Amino acid sequence: MITVRDLGWKYAPLTDGGKPVESLKRVSFDIRSGSFVGIIGPTGAGKSTLCMALAGIIPNLADGTMSGVVEVNGMNTSRHSVSALSERVGYVQQDPEAQLFCSSVEDEIAFPLENRGVAPNIIDKQIDIMLDLVGMAGYRKRVPTSLSGGQMQRVAIAAALAAEPDVLILDEPTAALDPEGKQEVFDVLDRIRQTRSMTVIMAEQDTEHIDYWADQVLFMVNGEVVRNGDASLLTRERRLLESSGVRVSGGPSPVIKALPVRNDVKPKHAIISLDHVTHRYGQGGNASPALDDVSLDIEQGAFVGLIGRNGSGKTTLAKHLNGLIQPTQGIVNVDWLDVSKHSVGEMAAHVGLVFQNPDHQIFCSSTKEEIAFGPTALGLDAATVFKRVDEMMTLFDLHRYEDVSPATLGYGERRAVALSSVIAMRTPILVLDEPTAGLDHRLASRFLGTVGKLNRHGVTVIMISHDMRAVYRYCTHVLELEDGHIVQYGPIDKSQEAQQSPARQARQPHKSRGPVSATHVLLKIAKDECDKEER
Amino acid sequence: MDAGLYVPGDGWLHRTDPRVKFLISIVMLALCLVWRNWAFILGILILEHVMLATDRVPAERIGWVWKILAVLIVFIVVLWPVFDQSGTHVLWQWGWLRLTQENLLMAAVMGLRIPALGFACFITLFTTSQTKLVRGLTSLGVPYKAGLTLATALRYIPVFFSIFQSVSEAQRARGLDLSGKVNAAGKKRNIFVRLVDRFKSYLPIIIAVLIRAYKMSQSVDWAMESRGLNLNRKGVKRTYRVNLTMRIVDWIILVIAIAAAGSVWVMTWLS
């Protein structure tokens, strides 16, 4: 049982003399033990902050002031430390890289058990049980950072559950995952809930899975819980949700299929052409190449959706286009230039690249400078640079942050700064690496609308995305990669027949196929009996 | 660079007790600092390579160490004779710049000493997993949290290194061209301007990495707390999954290390 009464939270200001940021206001709700709760809402609504409050990070570790009461299974979060609360609550964060801090999978899971003084031989057994439960048996000795995003999140879940808490809190655990990785995470949660009663509270952008799994839905806007009900809320209040920026799944996600193209005909205006390109990472990479003999031609003015699983070579391909990565073999021609003969700085006038993580590309001390950096580096005069910066800030509503350091802005705004800093360079080619990951529907549409407009004015766009709806809606072409190979490439088939293919079923949320293995249940019973004997 | 500095493996150094490896590293560091003899330091350097090679640490990791130390080595070897004017056997003189047999020899010693010191550390860092490192430190009386902090810091060095690279890539992708001999406006840039430009471009990257590092360390702190780092149950002590035991081999290695260190110390004392 979780009780939240009149919860408020103000973040301490980031800079001296700044105003405290109010991110939770008068939040009250109850959660019954054993239920699956989805927290939904637009970017910046306070979903993560609420998760932090339920895990006790607020008020114990974060800077700010809290009002109201949060009680998790009888423990008042402001009277107990996060570690004490961890007896009841497991917490999984959004960024897997920042929460797996050990150098092997087994140590991640051992950590909470060691802290509880569990005997080494039992820790050893528990590691195997947990890995089996999250479907990661055989990965015991692996280095966490060498795993895929979905696997890393499953390890994080295993580590959060190792000490058997009653409540699991997940803060957008699937934001960076491909559809298959997402399904893996939900499968694991379902499997665990079959073995024992556990409350799951999940903040999530993707309402499709919430609709399928949740018993209770909390809808947040501007730090307040505006609706609290069961999953039928998603259909009942559809208009309200959509107006705030939450996407409500409108039917199954589309199947992206390329029309067959004749390979012998080369397009006349291939602005990008890859000729037998292979790339092998040296140190740290595995032996198989990240890109394996990829050849393709992209016509001028195309809007290409680049899809494929995490680790299929999408980002590697994108970085070839401006020379950040040079092919091990083969030739890359972009804007009729051989990329290997030009420096990245020179290619910048032809190709704009927006990185996957906005934090990896923001480096100036004010938003204005950040957007001006590219145009200035291209050698444009001050008046033109000023005009372009102004244009971009108007477009993304950034004027109020003109002199603020972009690194201190919210996630959606950081994304906007990163995107506008590249668009301001007005390159004939734009490469976007998952530009809408972690953004709500409204912001994502605004981004893609802008990019679509540029595309109609002749800019060639290559967009890496896991969002099949966005690819179907905005892209003209699809390029699908798998293990460094091209699976399909060509104009997207938007006819009705393409949507009838059997592939569509796989993309829908569904219950995991395999039954829970009997060992889990048996071990659980054996463990309960041990506990009783101890008492 | 997935795992940080640790190279997963099962060589003899990997199996050696971390405490013994600490001692080996410290002894090598101390001896290289005390004895300024080029032949001795070269000997240590060769010994370190033999140890890493027989432990089957891949050559590219050893090459990586040389790569990061290269700038420092060149810097010191070139600057040493400039600032050290000692020595009587003058080989070449130009104004105040004197090259003597003695200061050239010292430059060579310094040039060898840096990789020797570096590899002395990497003998432990390459072959000791985070767990064993923490365990080794705690069993020597270092508080658990201090050990954990050190091990976690080491674990995240490559992460920050890759963020640094990524931000630097972002700068170049937005048109920063540090290699070109002309700037975007077509003006010629001399080597000095290019060097200053390069250092100027590093400053914002460092700030960006620091902001990211701060956020990430906060996140790691939350993750550790929410898995019970500071859990103080009454009467319950923290346990460790891995427990260290000194095998006979470890004792033998320990004795050899001490004997070797002792004899070297006697030799320096005699000479």
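In the predicted model, buried residues account for 51% of the 535 residues of chain A. The secondary structure of chain A comprises 20 helices and 20 strands. Of the contacts in chain A between residues at least 6 apart in sequence, 72% link residues that are at least 24 apart.

The domain assignment divides chain A into domain 1, formed by residues 2-249 + 514-534, and domain 2, formed by residues 270-491. Taken over C-alpha atoms, the centres of domain 1 and domain 2 of chain A are separated by 33 Å. Contact between these domains involves 18 residues of domain 1 of chain A and 15 residues of domain 2 of chain A. On the domain 1 side, the elements contributing two or more residues are α6 (149-161) and α7 (179-195) of chain A, and the largest share, three residues, is that of α7(A). By class, this side of domain 1 of chain A consists of seven nonpolar, eight polar and three charged residues.

Apart from residues up to four places away in sequence, A:I169 touches A:C51, A:L54, A:A55, A:V89, A:G90, A:Y91 and A:I201. The C-alpha atoms of A:I169 and A:M202 are 5.9 Å apart in space, although 33 residues separate the two in sequence.

Helix α16 of chain A covers residues 441-456. At 1.5 Å a residue, its 16 residues should span 22 Å, and the end C-alpha atoms are 22 Å apart, which agrees with that expectation. The buried residues of α16(A) are A:H441, A:L443, A:A444, A:F447, A:L448, A:V451 and A:N455. Viewed down the axis of α16(A), these residues fall within an arc of 165°, so they line one face of the helix. A:G449, A:K453 and A:R456 are exposed on the other side of α16(A). The packing partners of the buried residues of α16(A) are the strands β13 (303-307), β17 (429-433) and β18 (460-464) of chain A, together with the helices α15 (411-423) and α17 (468-474) of chain A. Just after α16(A), A:G458 adopts a positive phi of about 105°.

Chain A is also in contact with chain B, through 63 residues from chain A and 57 residues from chain B. On the chain B side, two or more residues each are given by α4 (59-83), α6 (130-139), α7 (144-173) and α8 (191-225) of chain B. Of these elements, α8(B) supplies the largest share, 13 residues. The side of chain B that touches chain A has 26 nonpolar, 16 polar and 15 charged residues.

For chain B, an unreviewed UniProt entry places the feature "transmembrane region" at residues 22-44, 64-83, 104-126 and 248-270. In the model, residues 64-83 of chain B are 100% helix and 0% strand, with end C-alpha atoms 29 Å apart. Residues 104-126 of chain B are 96% helix and 0% strand, and the end C-alpha atoms of this span lie 32 Å apart.

How values were computed: Residues numbered from 1 in each chain as written. Chains lettered and ligands numbered in written order. Predicted model: local features only at pLDDT ≥ 70, side-chain atom pairs only at ≥ 80, totals over all residues. Helix = DSSP H or I, 4+ residues; strand = E, 2+ residues; numbered from the N terminus. Buried ≥ 20, exposed ≤ 12 C-beta atoms within 10 Å, placed from the backbone. Contact = placed C-beta atoms within 7 Å. Nonpolar A, V, L, I, M, F, W, Y, C, P; charged D, E, K, R; others polar. Domains from an automatic or database assignment. Expected span 1.5 Å × (residues − 1). Arc of directions from axis to C-beta. UniProt positions renumbered as here; feature names shortened; annotations may be inferred.
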